[in-house]
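Hello,

Here is the structure I promised to pass on to you.

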Amino acid sequence: MLSRIDSDPLLRGAFSEGKMLGVMLAEDSSAEIHTLYAFSGSVTVPGADGRPCLSNFLPGFVPPVCDLLDPEGRFKAGEREISELNFLIHKAEKAGNPSPEAAAELERMKSRRRELSEYLQKWIFDHYELLNARGERRSISSLAESAGGLPPGGTGDCALPKLLQYAYANGLKPRLFGEFWYGAPDSASLRLKGRFYPSCSSKCAFILPFMLEGLDVEDFAGEKPSAPYAIIFEDEHLLVVNKASGLLSVPGKDSGSESLLGLLQRRENALNSCTAHSGPKIYPVHRLDMDTAGLMVFARTEAAQAALRRQFEERKVSKSYLARIDASDNLALKEGDSGLIDLPMLSDFADRPRQKVDFEEGKRAVTAYEVLKSYEGGGLLLRFRPETGRTHQLRVHSAHPQGIGSPISGDRLYGSHSDNPLRLLAESLAFVHPATSEALSFRLPFPSWAE
């Protein structure tokens with residue numbers, strides 16, 4: 001498909017500025033496999049008169065779930081009425097000093113515009129009826145209501161919902177699917193041509209669970225750790241723990257998810273089971289991403305928690321990370337190289353939990369790095385020393401073309417092609433003991449994936 005787009009002027013022009021595309025292998029009743037393609041949203045193509053126009057259709061790509069660009073459709077008719085009202089309202093407001101009758105008519109037109117806008121928005125999501133593998137059908141409105149929120153504009157127009165809808169409507173069984181980026185690199189959100197990325201969270205998170213019902217979908221579980229954590233050091237004031245990859249540091253929004261904090265508290269309670277009350281409370285000090293393994297410190301008292309957090313806030317804690325970087329043509333580093341990455345970061349609010357580089361609104365994020373090893377066949381082993389603590393800082397600074405230039409191995413959120421778990425380890429941690437003022441330093445041995 002990449003070669004076809006590159007060689008086709010129509011497709012190359014439609015996607016040149018950057019677009020998420022989808023691909024699916026689907027099986028028919030005769031066990032024949034069909035390859036389907038979709039693009040997210042709409043595209044700009046030459047119209048019948050040669051002028052650019054928006055379209056939901058391209059040869060070789062599945063159609064939209066609902067074509068809002070149909071000039072004879074209800075949505076475009078409503079848009080035309082709103083445009084006419086906008087013109088009349090602007091004309092009336094420009095006239096100034098209206099008579100009571102004209103003022104009343106102006107308010108009537110504004111009220112009609114508001115009602116029509118609200119009606120069209122509801123009409124869209126009522127008429128986007130999505131299918132699943134069980135043959136069930138639900139509107140986006142009903143799915144959003146069940147999720148307890150309002151659907152954002154463009155819901156149902158991403159590539160994967162289009163592919164699933166087309167497959168179900170045509171008696172095909174999805175076997176394999178994914179979404180990838182085509183076009184100019186999106187340096188803010190770190191998308192590169194030809195790389196696969198997860199579906200967006202803002203528009204797809206509440207509709208895909210329904211659309212995937214009835215399919216045997218495999219969740220990537222990764223390597224199972226022998227134990228979720230190991231105690232490295234403890235006294236009456238604090239604990240230093242080696243957290244396994246795949247475990248939350250602290251409870252998330254889903255209260256049913258296990259976390260290291262919860263496990264440590266249960267351990268504390270078990271150690272004090274001979275008493276009539278639970279063990280001392282465990283207090284969180286900092287966090288690691290769920291998929292990041294390595295060293296963390298927890299407090300056993302509020303005073304220790306406050307003192308340790310103050311050290312983190314004042315950047316008096318020394319920490320380093322090991323990361324294995326995917327092979328890439330963008331890598332220009334070699335063993336022994338070192339440097340500093342200074343790229344401001346901001347949450348990608350439209351696609352959480354992704355973060356992005358934003359030179360206007362982002363907060364400063366600084367990471368020092370050194371290349372420890374170059375692997376045969378490509379790829380690097382790096383040691384990162386973050387000077388700030390932004391969410392996903394090392395992952396973004398690694399993947400960004402102005403950073404390392406290639407994602408951390410296993411980081412599918414930022415474009416890694418590797419099937420293994422995230423190869424990122426919080427290898428060292430050094431701080432001052434909150435009660436004794438003793439300098440404490442801890443370091444983990446190199447993991448097997450670093451060899």
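Just after H6, Gly171 adopts a positive phi of about 70°. Helices here are DSSP runs of H or I with at least four residues, strands are runs of E with at least two, and both are numbered from the N terminus. Before going on, please keep in mind that this is a predicted model, in which local features need pLDDT of at least 70 and side-chain atom pairs count only at pLDDT 80 or more, while totals for chains, interfaces and linings use all residues. Residues are numbered from 1 along each chain as its sequence is written, and side-chain values use heavy atoms, with hydrogens and water left out.

Why is helix H6 (residues 159-169) described as largely enclosed by the rest of the structure? Because 9 of its 11 residues are buried. Buried means under 20% relative accessible area, exposed means over 50%, and partly exposed lies in between (1.4 Å probe, protein chains only). Among the buried residues of H6 are Ala159, Leu160, Leu164 and Tyr168. The cover over them includes S1, strand S2 (33-39) and strand S7 (173-182). A contact, by the way, means heavy atoms within 4.5 Å.

Ala26 sits in strand S1 (residues 19-27) and counts as buried, at 0% relative accessibility. Not counting residues up to four places away in sequence, Ala26 touches Glu32, Ile33, His34, Leu36, Leu172, Lys173, Pro174 and Arg175. Ala26 and Leu176 are 150 residues apart in sequence, yet 7.1 Å apart in space, C-alpha to C-alpha.

**The whole chain**

The protein chain has 11 helices and 20 strands, and its C-alpha atoms fill a box of roughly 80 × 60 × 45 Å along the principal axes. Buried residues make up 45% of the 451 residues. Of the contacts with a separation of 6 or more, 61% are between residues 24 or more positions apart.

In soluble globular proteins, nonpolar side chains tend to be buried together. A nonpolar core here is a set of buried Ala, Val, Leu, Ile, Met, Phe, Trp, Tyr and Cys residues joined through side-chain atoms within 4.5 Å. The largest core has 38 residues, and Leu260, Phe298, Ile325, Leu382, Phe384 and Ile404 touch the most other members. Elements giving two or more residues to this core include strand S12 (293-299), strand S18 (380-386) and strand S19 (424-432). H9 gives the most, with 4 residues. A second, separate core of 37 residues includes Leu116, Ala159, Leu164 and Ala167.

Val432 is in strand S19, and is partly exposed, with a relative accessible area of 37%. Leaving aside neighbours within four places in sequence, Val432 is in contact with Leu308, Gln311, Ser437 and Glu438.

**A pocket**

How much space lies in the second largest pocket? About 1,400 Å³. On a 1 Å grid over the protein atoms alone, a pocket is an open set of points where a 1.4 Å probe fits, with protein on both sides within 12 Å along at least five of seven lines; lining residues have an atom within 4 Å of a point. Of its 40 lining residues, Arg287, Asp289, Gly389, Arg390 and Thr391 are the closest to the centre. Helix H10 (302-313) and helix H11 (393-399) are among the elements that each supply at least two lining residues.

Enjoy exploring!

Notes
Points joined across faces, edges and corners; volume = space filled by probe spheres on them.
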